[in-house]
Amino acid sequence: MLRVESVSKRFGGVVALDGVSVEVDKGELMGLIGPNGSGKTTLFNVVTGHVKPDNGRVVFDGMDITRKPVHLRVKIGIARSFQQPKYFPSLTVRDNLRVATRDEGLIEEALKVVGLSGKSSVPAAKLTLHEIRRLELARCLALRPKLVLLDEPMAGLAMREAAELGELIKSLNSTMGLTYVIVEHRLSSLFKVVERVVVMNAGRKIAEGTPEDVVRNPLVKQAYLGRS
Amino acid sequence: MMGSYKPKIGPLRMGGPRALGDFAAIVGIIAVLAVVPFAVTSSYLLSALSMALLFGVITATYDFASIRTGYINLGYTFIMGIAGYVAFLSTSSPQLLALLAAVGGALGGVLMALPGFRLRGPFYAMATLIFPFVLIVIARTMYDVFKGDDGVPVPFWLPVGGPYAYYLVFSFAVVSLLVLYVLIRTRFGTILKSMSEDEILVESNGINTNIIKLVSFVIAGTIAGISTFLYVSLQGVMSTAVIEPIPLLIYMLLACGIYKPGGVVWSFMGGIGLYMFDIYLRGATPELRLAIISAMLIIIYFLIRGRHAAR
């Protein structure tokens, strides 16, 4: 479904991505992990069009989207959430989704799926962090995506809330066939959700495999702990 | 839930006590303005009120396109200038004049939106400030065509000061205000408001924000263009005074910031009030006017600062 081919990106002297190649299959739940500054969010930004790569290609559903603007990538089925939760605080929960779609039925369904139906008329500014994370997910669903990129969706949540969100993501994956790529630092919570993990460090992909495989990988241990 | 996203304006939504309050305010102000000619016999005052109404409409369009989207525009009088010159340099037929002014206003709106494709915040504001000054320089330099500060004489077709002219302006103002009010209650209006909060997130919702900016400025420019045509018709001359950003822009900013920025209704009323206040001030000394306008600038500063601090 998604193929990132030898993508590189520099910000001045900083190499954020150095020839990274990643493939995501349809219906897959993939985790993307790595220490801070390893290039995970930059890779997300390259896929969604918020950052243009210096080299390499991004192919989605067989189409080269490397130079397509953000809004067109959304239209072909790529939705994302942000590391710092993004929402429109002065708008109600329902109006936040109205920006994404004019289909009221779809809005209703998305709110129901994430458990925010009872808060549809509440200004988004009054939501808790847990609810905001769910609102972000609902917004992604309202865009009728094929691929959802979630950037640290569990950050700041309590253990129980993170587990609930993980279960919700898994159920959406199985019932609706949505493909997910999830960046997360809470590895124990992430590993309960994803089937495959890609590990990045210093702008490069250093490992790939099942959660069990990558935690045993010496390069991954070195990246996280500084020793193997 | 899969499928392609279709950007449309979306259905009109009327709901909530805040919306009802705005609607009550619209009905109230329309009712009061409708009976003005019965209570005011002075043709000067009626003419001044007509011009204030038109300034109220122009302020509401500014609120709609600039304040609601967060693209604070300091050169909005440029739209008035383009609309006025396009119309009055082309023909003397009133019907054609209105149409040409609308086209000129829309063109001005397109030109005002273009810097917003690349610039935001103070950079956009400063870039737009250049527009009216360039137009003023052109109008003065090409005196043979534009007649500079003296202005192009406007064909006399509107009986100034009479109830006929007032009700024509009043009808136009009511229709314009209702159009803008209805638009902000649609999905398009919600998108305009969301742009002032987080444009990156709006793009991430599959919306081409450049198109939204362009459409909002074209709508605002078209209405502002027709307003300018009526305004200049009442005034009798199209000159650089219509384009001068000060003090008109200060009044617009203040009117939009007083209450519910981007809500159209209160900026319309604020525009009327401040224009009448400006007429009252014309009798004051330049020092007093300077002091009052400076005080207004300070108020605007705190209004804008307060709005941004709340985010």
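Student: How many residue pairs are in polar contact between chain A and chain B?

Tutor: The count between chain A and chain B is 7 residue pairs, with both residues at pLDDT 80 or more. A polar contact is a pair of N or O atoms within 3.5 Å, where within protein one must be able to donate a hydrogen and the other to accept it, and residues adjacent in sequence count only if both atoms are side-chain atoms. This is a predicted model, in which local features need pLDDT of at least 70 and side-chain atom pairs pLDDT 80 or more, whereas totals for chains, interfaces and linings use all residues. Residues are numbered from 1 along each chain as its sequence is written, chains are lettered from A and ligands numbered from 1 in the order in which they are written, and side-chain values use heavy atoms, with hydrogens and water left out.

Student: Which side chains meet in a salt bridge?

Tutor: The rule (a side-chain nitrogen of Lys or Arg within 4 Å of a carboxyl oxygen of Asp or Glu) finds 1 salt bridge across the interface of chain A and chain B, and it joins the side chains of B:Asp198 and A:Lys86 at 3.0 Å, N to O.

Student: Which element gives the most to the side of chain A that touches chain B?

Tutor: Helices here are DSSP runs (H or I, at least four residues) numbered from the N terminus. Those of chain A that give two or more residues to the side touching chain B are α2 (70-75), α3 (93-98), α4 (104-114) and α5 (129-142), and α2(A) gives the most, with 4 residues.

Student: How is the size of the interface read, and what is the area buried between chain A and chain B?

Tutor: Interface size is often given as the accessible area lost when the parts come together. Using a 1.4 Å probe and summing the loss over both parts, the area buried between chain A and chain B is about 2,700 Å², of which carbon and sulfur atoms give 63%. Counted by contact (heavy atoms within 4.5 Å), 28 residues come from chain A and 26 residues from chain B.

Student: Is A:Arg139 buried or exposed?

Tutor: A:Arg139, in helix α5 of chain A, has a relative accessible area of 3% and is therefore buried, a term that means under 20% (1.4 Å probe, protein chains only). Not counting residues up to four places away in sequence, A:Arg139 touches residues of both chains, including A:Arg80, A:Phe82, B:Leu201 and B:Asn205.

Key. Buried area = accessible area lost by both parts, 1.4 Å probe. Buried < 20%, exposed > 50% of the residue type's maximum accessible area, 1.4 Å probe, protein only.
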